[in-house]
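Hi there,

Here is the structure I promised to send you. Have a look at it first, and then read on for what I found.

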Amino acid sequence: MEKYMDTSLACEERAQLLLEEMTDEEKAAQLLQISYNAVSAEDYERFQRLGVGSYLHVTGEETDKLRAAAQKTRLKIPPIFGIDAIHGHALLNGAVVFPSQLAMACSFDRSLIYEIGRATALEAAADGIDWTFSPVLCLGRDLRWGRIDETFGEDPYLAGEMGEAIIKGYQADNMITACAKHYIAYGEATGGRDAYDSEVTERKIREVFLPPFEKAVRAGCGTVMTAYGSIDASPLSANRRMLTEILKEELGFEGFVVTDWENVRSLVTKQHAAENLKQASKLAVEAGNDMSMNTPEFYDCLLELMRGGEIDMARVNDAVRRILTVKFKLGLFDGKKRPPRGTIACEEHKELNLRSARECAVLLENKSIGDTKVLPLSGDTKTIAVIGPNADDIRAQYGDWTFFSHPEWKDEVEAKGDYYTVLRGIKEVFPKAEILYGKGCGVLEADDKAVEEAVSLAECADAVVAVVGDCLAINGEYRDRADLSLTAPQTELLKRLKATGKPLIAVLVNGKPLCAEWLKNNCDALIEMFNGGDYGGLAAAEIIAGKLNPSGRLPISFPRHSAQTPCYYNRYDGWHGGKYVDIEAGNVYDFGYGLSYSEFEYKNIRLSKTEMEKGESVRVSVDVTNISDIDGTETVQLYINDKISSILTPVKQLCGFERVRINAGDTKTVSFEIEPEALSLVNAKCERVIESGVFEIMVGKNSEEYLTAELVVK
Ligand code: NOJ
């Protein structure tokens with residue numbers, strides 16, 4: 001037996017031993033990942049013979065075939081199979097489709113997110129996969145960006161907590177490895193334009209964008225993906241400062257870095273940082289990328305560089321060692337045992353998915369008509385009109401990153417999974433009611449006849465459930481929007497429905513916040529589902545019927561107008577209040593906001609001490625009472641503001657949250673330990689420090705409603 005096959009040795013040691021056996025050709029092959037749909041048939045064969053390090057977007061039996069091909073190479077190094085399993089193993093039609101990351105984040109529930117990661121890992125591994133390109137730790141701060149749906153929202157703390165939970169779930173028992181992406185500040189691209197330059201400084205990166213990645217590294221995340229764009233004009237794929245000095249040396253990241261799709265080629269064709277692919281390959285590897293996603297020419301270029309002594313061999317060896325270590329950790333050399341295929345969409349995962357949808361839906365509005373709240377609708381409601389382009393459209397409900405849109409766009413395919421649109425959900429939870437359905441219009445297409453039909457259905461009904469939002473044409477990768485309003489045909493439809501005078505309950509099925517002022521002012525009730533996965537429609541229906549007491553909270557703020565974006569809550573104070581003369585100040589819905597059928601009252605905020613030295617921690621507690629007669633779940637949120645500091649600090653920053661179940665009439669005391677890090681800032685010299693002074697500690701139900709206490713740090 002080869003020494004590196006000794007399972008009693010540490011994975012790092014096994015990787016080193018194997019590395020010592022490898023030729024330049026074998027090393028170069030390890031550093032390449034290819035996609036079946038982006039190389040020629042000839043190259044696909046060639047790279048199998050060469051023992052390519054990784055494949056992406058290959059599933060099922062094809063992975064077995066490619067694993068077998070690797071066994072025919074000299075060293076039999078197994079390839080690692082990667083895929084975008086970012087809300088479930090959703091590129092496989094029939095696997096469970098969980099809510100999108102943005103929708104998941106509404107749960108503010110670390111244990112749920114861990115379970116989603118775990119279930120996704122089991123389904124992906126059962127399909128031959130070893131690696132998911134997830135989680136996205138970019139922040140959804142510029143709402144125009146097409147990939148807001150993929151983020152955990154706008155806040156670094158929440159994104160870090162959710163990211164850590166899902167990474168631990170993916171990597172439990174080394175089932176698959178995770179990939180924190182896109183490193184770094186990719187979502188902050190100027191103008192919300194995908195894969196563009198981000199005009200951010202290193203200080204800003206350290207304050208806002210790095211913290212979720214720091215948590216990912218601490219959680220042992222196996223891989224990191226380099227972003228497409230550039231930071232202050234410096235292409236990330238060639239950015240040694242970010243990839244090597246900060247990520248690997250300072251944060252101590254021990255896994256491997258993979259480029260995003262074709263980043264090496266883009267250094268030549270899009271970013272013009274290199275004259276040719278050989279130069280680009282050298283730049284990318286020496287900056288700290290360990291594996292090239294695609295750009296198959298990278299293999300020959302790298303080999304030429306190695307043979308010509310033109311590349312730092314210690315760097316190449318380090319890259320190979322990192323990749324091999326991850327493979328050893330995953331058990332790929334040791335006959336990895338995979339879950340049975342029946343794990344895919346098993347009952348347990350479907351139940352978890354239903355729980356996810358239930359925790360993710362957010363009730364934004366519930367007005368009273370007379371003395372009665374509109375929701376829940378009475379069980380005696382005889383006729384309900386379900387109207388709107390997204391009422392029965394699973395594509396829109398799933399959002400991006402399912403088999404519908406990746407790896408190739410598919411128009412004809414039918415979803416094989418068990419799924420509930422709102423229409424199916426309403427039919428199920430109101431079995432005695434007559435349900436009338438009319439589409440009314442498309443998300444983008446007006447249809448006069450369909451509007452008239454929908455209005456006549458509404459006129460015959462006791463209540464109208466209007467399901468509107470966006471669709472894949474205007475949501476997802478490459479699909480940035482300049483205008484965040486609800487589209488014109490849908491706005492027109494809602495206006496006509498409103499004019500019927502019937503109770504108007506709107507459900508939003510969309511990838512990102514829309515300008516929601518009209519909805520807030522005109523709908524009697526409003527539910528935000530985002531891309532709720534298989535069971536989003538059922539959860540929304542259960543809320544409408546009162547079978548589910550909503551508990552979701554917004555991980556992202558809703559603007560009044562497109563031009564108000566960015567509108568994140570953790571802004572700096574400006575001189576003139578940061579408002580525009582032509583719209584009302586403030587957001588329509590704030591970060592952390594969400595209603596419940598229960599009512600919670602906060603009292604008695606207190607600190608374990610009101611003065612302390614730097615480096616100490618302090619406990620803040622608050623009593624939360626459910627003053628309603630319905631049991632419910634509240635998400636208690638902690639925010640902190642450093643009142644006087646050498647640089648501007650956010651007006652408040654989330655530093656803790658806890659979901660608590662509180663029965664009707666009960667009081668629970670909720671406490672948070674405030675660790676020194678929560679009181680720190682990144683100063684002008686880019687150092688993370690705690691400065692003496694007064695801190696405002698806020699605990700409450702969202703970023704605008706809270707109790708406060710003062711803490712002095714000496
Ligand atoms: C490009 C996307 O930016 C990235 O998120 C994804 O993981 C890769 N393509 C692979 O599909």
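To start with a definition: strands are DSSP runs of E that cover at least two residues, and they are numbered from the N terminus. With that in hand, you can find T635 in strand β23, which spans residues 632–642. Please keep in mind that this is a predicted model.

Is T635 buried or exposed? Its relative accessibility is 0%, so T635 counts as buried, since buried means under 20%. Leaving out residues up to four places away in sequence, T635 touches F108, S551, R553, Y602, F657, E658, R659, G700 and K701.

Now for the whole protein chain. Its secondary structure comes to 20 helices and 29 strands. A compact globule of 714 residues would have a radius of gyration near 27 Å, and the chain agrees with that because its own value is 26 Å. Along the principal axes, the C-alpha atoms fill a box of roughly 80 × 65 × 50 Å. Of the 714 residues, 64% are buried. If you take contacts between residues at least 6 apart in sequence, 76% of them join residues at least 24 apart.

The accessible surface is about 26,100 Å², and carbon and sulfur atoms account for 48% of that. As for charge, there are 81 positive and 112 negative side chains, with the centres of the two sets 1 Å apart.

Last, the domains. The assignment gives domain 1 (349–546) and domain 2 (600–713), and their centres, taken over C-alpha atoms, are separated by 35 Å.

Enjoy exploring!

Notes:
Residues numbered from 1 in each chain as written. Predicted model: local features only at pLDDT ≥ 70, side-chain atom pairs only at ≥ 80, totals over all residues. Heavy atoms only, no water. Helix = DSSP H or I, 4+ residues; strand = E, 2+ residues; numbered from the N terminus. Rg over C-alpha atoms; globule rule 2.2 N^0.38 Å. Buried < 20%, exposed > 50% of the residue type's maximum accessible area, 1.4 Å probe, protein only. Contact = heavy atoms within 4.5 Å. Areas by Shrake-Rupley, 256 points an atom, 1.4 Å probe, with all protein chains shown as cover. Lys, Arg positive; Asp, Glu negative; His and termini not counted. Charge placed at Lys NZ, Arg CZ, Asp CG, Glu CD. Domains from an automatic or database assignment.
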